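Hello,

Here is the structure to look through. My notes on it follow below.

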Amino acid sequence: GPEAARFLNSLLTNDVLLSHASSSQPQRYAPTPNLPARAPPPQYAALLTPQGRFLYDLFLYRPAPRSQMLDRTGAAPQTGERPGGEDGEGDGGEVLADVDAAEVDELLACFKSSNVLSPGNPFCRYRLRSKVEIDNVSEEFLCWQRFGNDVAHAGPSTQEPEAQSIGWGQGSDHAAESSAQGNGHGWQWLKDPRLDILGYRGIFPADTIPPLVEADKEADERHYLLWRIENGVAEGSTEIPKGEAIPLEYNLAGLNAISFDKGCYIGQELIARTHHRGVIRKRLIPLKFVDENDKELEQAVAPGSDVVDDASGKKVGTVSTALGSRGMGLLRLDAALKENATLAISDKRDVRVKAIKPDWWPAEWTQVLEQQSAVA
């Protein structure tokens, strides 16, 4: 709908209007059936409670506007320019949101209803009188992720052009059918908006295997979960406690989910205050579970287990996610990352816990703590 961008921008942590504006700049392209109109890059954002606690996370995709697509003869639109009015809403403002499957019905109800917030109903109802239509199209599309060392560490000169060409550029489509109709060939792999190490993400028609996915390379989702765990990246309400988690402690600022320059959104006051205070003392961090001989222990820890300092017995944090010998936990950084730290599971002292600082963390996240430790 014509107000889709403004509707989302007033609710979500990221600046949706900024992405629309950047995608609406004039851009000329040649009238060839093999050069597609480029869709804007996806965005990662969160919906919070009024108290600034996490509710849902969303990946937002905007299909290339119809007026940019080539016609059946392979000709470009008459002007050869990228259309779109203010805020990029000239093509109807369609946005696809990739969300946690377990939360689809609740999120739809949250967006669609026009009820007002009440003290007994912390999960707001937001739509009011906005000119938007909201539909569940989960049966029509599937989300795919390409990940791994070969994808994450590939240089932009090789991997990125290959991924961006998918959809229109892999064959000669002389009728420009995919561009004109937006059928199963007109979809792209896009860089994951959170981190380069997460590879590429995309929405594709449910009846189509995406390009670059070989029959013997399709992996079980547990492999992707393990990849995220090892890099300390949570997603969805199972891994980021709904109504409880403080987004900055779950590293959403470092995952490009939060804009500190946009105007107000739901829960913005707490996020801004915490951010400008400067020090986040607890963060979600990758964990490895080992025995006293440093051998990895499989399935030895359950989510919700307390992590303690083995020397003092004091609680350091809690395991939020566990898979095999790996996990993630919300831990106090001064205790988890101090030199010669010895951590254990509170009710299983024979299970040692190693906290691992991810390579992608900005240096300032730990610099203040390191300075305080040096002074002490």
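Asp15 lies in the loop between helix H1 (4-9) and helix H2 (16-23); helices (H or I, at least four residues) and strands (E, at least two) are DSSP runs, numbered from the N terminus. This is a predicted model, in which local features need pLDDT of at least 70 and side-chain atom pairs count only at pLDDT 80 or more, while totals for chains, interfaces and linings use all residues. Residues are numbered from 1 along each chain as its sequence is written, and side-chain values use heavy atoms, with hydrogens and water left out.

Asp15 counts as buried because its relative accessibility is 16% (buried is under 20% relative accessible area, exposed over 50%, partly exposed in between; 1.4 Å probe, protein chains only). Leaving aside neighbours within four places in sequence, Asp15 is in contact (heavy atoms within 4.5 Å) with Asn9, Gln43, Ser259 and Lys262. From Asp15 to Lys262 the C-alpha to C-alpha separation is 6.0 Å, although they are 247 residues apart in sequence.

**Aromatic rings**

Rings of Phe, Tyr and Trp (its six-membered ring) pair if their centres lie within 6.5 Å; planes under 30 degrees apart count as stacked, over 60 as edge-to-face and the rest as tilted. The count comes to seven aromatic pairs. One of them, Phe147 with Trp227, is tilted, at 6.4 Å centre to centre and 45° between the planes. This pair links distant parts of the chain, 80 residues apart: Phe147 is in the loop between strand E4 (141-146) and helix H4 (149-152), and Trp227 is in helix H7 (residues 221-231). Phe147, Tyr224 and Trp227 form one aromatic cluster.

Regards
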